[in-house]
Amino acid sequence: MNVQKEQDRKKLDDKVLTMPWYVQQFIDYKLPDLSPSTLLEYIRDYETFFNWLRAEGLSAAPDNGKVTLEELEVLRMEDVVSYRLYLTTRRESANSKITVSRKLSSMRSLFHYLSQIAEDDNFYPLLKRNIMAKVEIKRIHKPKDTAAKLKGKILEEDELLEFIGYIMDGYAKDVVNNKQALHAHELNKERDACIASLILNSGLRVSEVVNLDVDDLDMNNKMLYVYRKGNNDETFKTPVYFREQAKDDLAQYLTLRQSRYKVPKREKALFAALPNGHQEGGRMTKRAIQAMIIKYAKRFGKPYLTVHKLRHSFATDYYLQNDIYKTKEQLGHASTETTEVYAHLTDKTMSEAIERRLEP
């Protein structure tokens, strides 16, 4: 099991113990088909829902683990509407339409399992009445709409190389008066530029970058072997190619990986960090990589740029030179529908057509 999955599986095992027995049963049912990361999101969604139920007096349970099936059976449509309203308007952290849709979809999955699949000792459904069956989940993020939201928020054309160069050299000029930031940059610039370069030249997800080991790297063939999202076969790593630019940046980083980050022989992680006060370095975390890209992006003048938008930047650039099927394979998408986003980002036919006048 890869590093991220191991961490999420441990969190899942801890979190699921706070849930009612029937949720634990549902998670066990789903575990062979869904990743621990996805199921952890399910648990967080159920945590939000059960907290709301108890706060609204719709459950008398002293904690989430005691919410009963009977309390779920008597929920009315107006309760579901109130919960949806709570998700979209709560002051501390209102959710986007996409997030609300996902949270309701999580509830539908649980209620469907309880009413259609799971059985009691007498072979009757665990849940006799399924209020969530009445809830319509509308598709929110169409490829065309997603593409429109990405416009101006990703790197395009020469900006891909410029951003990597900025991490290596430009950032230091912008923080010249900040000794702490300057010292951290001098220590990590080759590694940070290498990570950005690898994503911008291969389209890897941040979780895939985190999980990379030194042994996963085939420099001669410009190839990496990664655990891909959605692939539950823990014995198989997918080969992913990267461009020549990334090869040069990887080679530079590898020459200083051990000496700079004091990486012990037992540590196989490709990208390492050496926390203050530690004698040995270890694998970089997902959160650290995300924060690192945001730090550089703000100074670069692209405040909306995130580590995932680096992947979008590569995909848009790659799609300009390849078809949708090659792009799908390179990115590890389950279907071409997801890849259609880049068709809309690069397709100028609609804008050209609207300007074209009919011949007299």
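A: Let's begin with K222, which counts as partly exposed because its relative accessibility is 28%. The scale calls a residue buried under 20% relative accessible area, exposed over 50% and partly exposed in between, using a 1.4 Å probe and the protein chains only. Keep in mind that this is a predicted model, where local features need pLDDT of at least 70 and side-chain atom pairs count only at pLDDT 80 or more, while totals for chains, interfaces and linings use all residues. Residues are numbered from 1 along each chain as its sequence is written, and side-chain values use heavy atoms, leaving out hydrogens and water.

Q: Which side chain does K222 meet in a salt bridge?
A: A salt bridge here is a side-chain nitrogen of Lys or Arg within 4 Å of a carboxyl oxygen of Asp or Glu. K222 meets E244 in this way, with 3.2 Å from N to O. K222 sits in the loop between β1 and β2 and E244 in helix α11 (residues 244-254), so the pair ties together parts that are 22 residues apart in sequence. E244, at 40% relative accessibility, also counts as partly exposed. The helix and strand labels come from DSSP runs, numbered from the N terminus: helices are H or I with at least four residues, strands E with at least two.

Q: How many salt bridges does a search of the whole structure find?
A: The search finds 18. One of them joins E190 to R260, with the closest N and O atoms 3.2 Å apart. E190 belongs to helix α9 and R260 to helix α12 (residues 257-261), so this pair ties together parts 70 residues apart in sequence. E190 is buried, at 12% relative accessibility, whereas R260 is partly exposed at 24%. Another bridge, K10 with D14, spans 3.6 Å from N to O. Both K10 and D14 lie in helix α1 (residues 3-16), four residues apart, about one turn of the helix. Here K10 is exposed at 55% and D14 partly exposed at 43%. There is also a network of salt bridges that links E41, R44, D45, R102 and K103.

Q: In what order do the strands of the open sheet come?
A: Strands of a sheet pair through backbone hydrogen bonds, either parallel or antiparallel. In this sheet three strands follow the order β1-β2-β3 with antiparallel pairing. β1 (217-218) and β3 (238-241) are the edge strands, each pairing on one side only. Two strands count as paired if DSSP finds at least two bridges between them; β2 (residues 223-226) and β3 are joined by four. Within that pairing, L224 has V240 of β3 as its bridge partner.

Q: Which residues have the most contacts inside the largest nonpolar core?
A: A nonpolar core is a set of buried Ala, Val, Leu, Ile, Met, Phe, Trp, Tyr and Cys residues joined through side-chain atoms within 4.5 Å. The largest one has 45 residues, and F163, L198, F271, I289 and L310 have the most contacts inside it. Among the elements that give two or more residues to this core are α8 (159-174), β2, α13 (286-300) and α14 (307-319). Helix α9 gives the most, with eight residues.
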